[in-house]
Amino acid sequence: ALWNHVRNTFKADLWVWLGDNAYGPTENIMSEKRLAYDAAKQDQYYSSVGPLAEPKIPVIATWDNNDFGNSYDVGGDYNCQASSQAEFSRHFDLPTDDPRHPSQQDNQQYGVYSSHVFDKPNATNSTDGY
């Protein structure tokens, strides 16, 4: 299975979701979006050998049209953007002090973009360009 290879063959240090994290409803129904996210997170392999299994594989994510809205016809004027972002925050267990998290209220970042800096595991200070 995919997650067995991610963990045991490739020995992933990080998993990056680049969108299509969970396919939800075709309408603006947040309860169905939540069910789709929950089904993805509770997938037998994702939870037993994927990023959720011990030792955990760190996960970072962004969304695309299917995560954000109801397929191909949404943009900045989408009326469920805040609700979609809240479901994203819940699914990816964003800490409450994350600027994308709804607990930030008026200071909440609009959108789920983020930046991260990672060191290579067991990295040394070298000049070899890695």
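A: The following account treats the core, then the ring pairs, and finally the pocket.

The model is a predicted one. Its largest nonpolar core has 15 residues. Those with the most contacts inside this core are W3, W15, W17, F88 and F92. Helix α1 (2–9), strand β1 (15–17) and helix α2 (30–41) each supply at least two residues of the core.

Aromatic rings may also be examined in pairs. A search of the whole structure finds eight aromatic pairs. One of them is formed by Y37 and F92, whose rings are 6.4 Å apart from centre to centre. The angle between the planes of these two rings is 75°, and the pair is edge-to-face. Y37 belongs to helix α2, whereas F92 lies in the segment after α5, so that the pair links distant parts of the chain, 55 residues apart. Both Y37 and F92 are buried.

A further pair is that of W63 and F88. The ring centres of W63 and F88 are 5.7 Å apart and their planes stand at 70°, so this pair is edge-to-face; the angle required for that label is over 60 degrees. W63 is found in the loop between β2 and α4 (65–68), and F88 in helix α5, so the pair ties together parts that are 25 residues apart in sequence. W63 counts as buried because its relative accessibility is 15%, the limit being under 20%. F88 is likewise buried, with a relative accessible area of 1%.

With its neighbours within four places in sequence left aside, F88 is in contact with N21, Y37, A61, T62, W63, L94, R100 and V112. This list includes W63, the ring partner of F88, and Y37, the ring partner of F92.

Ring pairs also join W3, W15, W17 and Y46 into a cluster. Of these residues, W3, W15 and W17 were named above among those with the most contacts inside the core.

F92 leads on to the pocket. The largest pocket has a volume of about 300 Å³. Its lining consists of 18 residues, of which P58, V59, I60, F92 and D93 lie nearest the centre. Strand β2 (59–61) and helix α5 (81–91) each supply at least two residues of the lining, and the largest share, three residues, comes from β2. By class, the lining has 11 nonpolar, two polar and five charged residues.

Methods
Residues are numbered from 1 along each chain as its sequence is written. This is a predicted model: local features need pLDDT of at least 70, side-chain atom pairs count only at pLDDT 80 or more; totals for chains, interfaces and linings use all residues. Side-chain values use heavy atoms; hydrogens and water are left out. A nonpolar core is a set of buried Ala, Val, Leu, Ile, Met, Phe, Trp, Tyr and Cys residues joined through side-chain atoms within 4.5 Å. Buried means under 20% relative accessible area, exposed over 50%, partly exposed in between (1.4 Å probe, protein chains only). Helices (H or I, at least four residues) and strands (E, at least two) are DSSP runs, numbered from the N terminus. Contact means heavy atoms within 4.5 Å. On a 1 Å grid over the protein atoms alone, a cavity is a set of points where a 1.4 Å probe fits but cannot get out, and a pocket is an open set with protein on both sides within 12 Å along at least five of seven lines; lining residues have an atom within 4 Å of a point. Grid points are joined across faces, edges and corners, and a volume is the space filled by probe spheres set on the points. Ala, Val, Leu, Ile, Met, Phe, Trp, Tyr, Cys and Pro count as nonpolar, Asp, Glu, Lys and Arg as charged, and the others, Gly among them, as polar. Rings of Phe, Tyr and Trp (its six-membered ring) pair if their centres lie within 6.5 Å; planes under 30 degrees apart count as stacked, over 60 as edge-to-face and the rest as tilted.
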